[in-house]
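Open the model in your viewer and start with a cartoon view. The tour goes from the whole chain to the core and then to the aromatic rings.

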Amino acid sequence: MNYSWHLVLMAIFYILSGANHLWKPELYFKMIPSFLVYKDFINFMTGFLQILFGASLLIPYYQSVASSSIIILLLLIFPSNLYMVFEKKARLGLPFWIVLLRLPLQIALIYWAYLYVN
């Protein structure tokens, strides 16, 4: 298979990001809005799906579905990024400007995934 470097990079990014959800779940619990329950489940599923979709990007038959699924997942977790803007304890000690930078970064990640939707 001949993959572009940016497709491989995107796959690695989501696989590692998802694995981090499973390795360090307590890090992500603070980012999940307080009105949501079952934070363990939400974090586990987010990590699991990122690994699944990231790996699926490298399977040509599933690439379009994986890309579309990544877009949906990014839209579903966008409220966590907004929560970090408005709730200081959710910022994980990050400077406010980095927290703000996550918002347009999310849009860039959506566009990046969109490039692989057929």
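Helices here are DSSP runs of H or I with at least four residues, and they are numbered from the N terminus. Keep in mind that this is a predicted model.

**Whole chain.** Colour by secondary structure. The protein chain has five helices and zero strands. Read from the N terminus, its elements run α-α-α-α-α. The radius of gyration is 15 Å, close to the 13 Å that the globule rule gives for 118 residues, so the chain is as compact as a globular protein of that length. Along the principal axes, the C-alpha atoms fill a box of roughly 45 × 25 × 20 Å.

**Surface and contacts.** Buried residues account for 37% of the 118 residues. Now look at contacts between residues at least 6 apart in sequence: 65% of them join residues at least 24 apart.

**Main core.** Hide the surface. Select M10, Y14, L57, I70 and L74. These residues have the most contacts inside the largest nonpolar core, which has 16 residues. Next, show α1 (5–23), α4 (63–86) and α5 (96–114); each supplies at least two residues of this core. Which helix gives the largest share? It is α4, with five residues.

Centre on I70. What does I70 touch beyond its neighbours within four places in sequence? Its contacts there are Y14, F53, L57 and A113.

**Aromatic rings.** Show the Phe, Tyr and Trp side chains. The structure holds three aromatic pairs. Zoom in on F13 and Y14. Their rings pair edge-to-face, 5.0 Å centre to centre, with 80° between the planes. Is Y14 buried or exposed? Y14 is buried, at a relative accessible area of 3%. F13 is partly exposed, at 37%.

Move on to F44 and F48. Their ring centres are 6.2 Å apart and their planes are at 10°; stacked means under 30 degrees, so this pair is stacked. Both residues sit in helix α3 (residues 39–56), four residues apart, which separates them by about one helical turn. F44 counts as partly exposed, with 42% relative accessibility. F48 is also partly exposed, at 38%.

Note on methods
Residues numbered from 1 in each chain as written. Predicted model: local features only at pLDDT ≥ 70, side-chain atom pairs only at ≥ 80, totals over all residues. Heavy atoms only, no water. Core = buried A, V, L, I, M, F, W, Y, C linked by side-chain atoms within 4.5 Å. Buried < 20%, exposed > 50% of the residue type's maximum accessible area, 1.4 Å probe, protein only. Contact = heavy atoms within 4.5 Å. Rg over C-alpha atoms; globule rule 2.2 N^0.38 Å. Phe/Tyr/Trp six-rings, centres within 6.5 Å; stacked < 30°, edge-to-face > 60°.
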